[in-house]
Amino acid sequence: MLRTELKDGILLVGLDRPDKRNALSDPLVRELEQMFRDPPAAARVAVLYGNGEHFCAGLDLSELRERDASQGLAHSRFWHEAMHRIELGRIPVVAALHGAVVGGGLELATACHLRVADESAFFALPEGARGIFVGGGGSVRISRLIGAARMLDLMLTGRVLSAAEAEPIGLVHYRVGAGQALNRAIELAHRIADNAPLTNYALMHALPRIAEQPADHGLFTEALMSAIAQSAPEAKARLHAFLDGRADKVARPHRPSKETSSEA
Ligand code: 1HE
């Protein structure tokens, strides 16, 4: 159900149940948990994508049977564990999004570190209509990204956001032309893989924690993280490379095209 391939340090992880729109069955969530708990040692960055017409249709509703409260609690915590492995694992994860990114599929996408969506992507939380609630971490991650008020709207009214609507509210980082999400995500993954691994780790693990800390604690954590990162031999080598004229300069951004899309 997961299709994986490791190439040049980039781990491609494909949800591979296209006939069920990559709905997240228990075995598939378990595979995700295992994959991100212990990704191959040579992987520096992962790209998560969906095979077929859609990224992911969310929870496999055919598995939603009568559960008592403790079984429901355990099921949600099992999802939390898998999402946690992605968000606070060893390597950054870029999500390549197209078609439906709904319910648990959106929860999965928001556990990733970067989101690239193509023009076909649409975003919704149909849990309200199904008579349930989010259970895969969405109430924390989605509301942190777009605000509880917007999440409330999605769930109360069944509103569906297009890629063009998702980008300005920060739900996705990059918007590209139809069919381009995976290529763009891989390109970004290569750039991320060029960073010092310790910097990537610090970004993944320190930034979200600092955001939760009072400012004074956050600044202290920042100073500690900064001291650790700059003491690494790789940091010193990179600084020397720049000072010796051997490293890339920061380039001006390309002017956005006249299209409404940011990158299409
Ligand atoms: C599924 C699922 C699913 C499709 N569980 N089987 N998620 C939802 O409420 C979304 C429900 N799905 C849809 O709205 C649509 O399927 C899609 C917009 C995603 C795609 O539409 P389409 O026209 O391409 O496909 P389809 O014809 O609707 O579905 C194709 C097959 O996939 C069909 O099965 P078949 O045996 O009849 O061929 C569908 O039944 C099946 N399928 N989605 C099971 N989700 C931790 S809490 C998280 C809570 C949630 O995620 S709630 C939101 C659940």
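Analyst: Let us begin with a single side chain and its surroundings; please note that this is a predicted model. Residues up to four places away in sequence are set aside, and leucine 97 then touches Phe55, Ala109, Arg115, Val116, Ala117, Asp118, Ala121, Phe123, Val172 and Ala181.

User: Which residues of the largest nonpolar core touch the most other members?

Analyst: A nonpolar core joins buried residues through side-chain atoms within 4.5 Å. The largest one here has 46 residues, and those that touch the most other members are Leu15, Leu48, Phe55, Leu97, Leu108 and Phe123. Helix H1 (residues 26–37) supplies the largest share of this core, five residues. There is also a second, separate core of 16 residues, with Ile10, Val94, Ala96 and Ala181 among them.

User: How should I read the two faces of a strand, and which residues of E4 lie on each side?

Analyst: In a regular strand, side chains alternate between the two faces of the sheet. In E4, Val93, Ala95 and Leu97 lie on one side, Val94 and Ala96 lie on the other, and all of them are buried. Strand E4 covers residues 93–97, and five of its five residues are buried, so the rest of the structure largely encloses this strand.

User: Which strands pair with E4, and in what sense?

Analyst: The direction of each partner and the number of bridges should be read together. Strand E3 (residues 45–50) runs parallel to E4 and is joined to it by three bridges. One point of reference is alanine 46, which stands opposite valine 93 in E4.

User: What is the order of strands in the six-stranded sheet, and which strands stand at its edges?

Analyst: The order is E1-E2-E3-E4-E6-E9, in an open sheet with mixed pairing. Strands E1 (2–7) and E9 (174–176) stand at the edges with a single partner strand each, so one side of each has no neighbour in the sheet. From one strand to the next, the twist averages 20°. An antiparallel pair is found between E1 and strand E2 (residues 10–15), with six bridges, and threonine 4 stands opposite valine 13 in E2.

User: How does the three-stranded sheet compare in its layout, and what packs on it?

Analyst: This sheet is also open and has mixed pairing, in the order E5-E7-E8. Its edges are strand E5 (100–102) and strand E8 (161–162); each has a single partner strand, so one side of each is left without a neighbour in the sheet. E5 pairs with strand E7 (residues 122–124) in the parallel sense over three bridges, with alanine 100 opposite phenylalanine 122 in E7. Helix H3 (residues 104–111) packs on the sheet and touches E5 and E7, its direction making about 90° with that of E5.

User: Finally, at what angle do H1 and H2 pack, and how far apart are their axes?

Analyst: A helix pair is described by its angle, its axis separation and its handedness. For H1 and H2 the angle is about 35° and the axes are 8 Å apart, and their crossing is left-handed. The contact is formed by Asp26, Val29, Arg30, Glu33, Phe36 and Arg37 in H1 with His75, Phe78, Trp79, Glu81, Ala82, Arg85 and Ile86 in H2.

Methods
Residues numbered from 1 in each chain as written. Predicted model: local features only at pLDDT ≥ 70, side-chain atom pairs only at ≥ 80, totals over all residues. Heavy atoms only, no water. Buried < 20%, exposed > 50% of the residue type's maximum accessible area, 1.4 Å probe, protein only. Helix = DSSP H or I, 4+ residues; strand = E, 2+ residues; numbered from the N terminus. Pairing = 2+ DSSP bridges. Contact = heavy atoms within 4.5 Å. Axes fitted to C-alpha atoms, helices over the stretch in contact; angles between N-to-C directions. Left-handed = near helix turned anticlockwise from the far one by under 90°.
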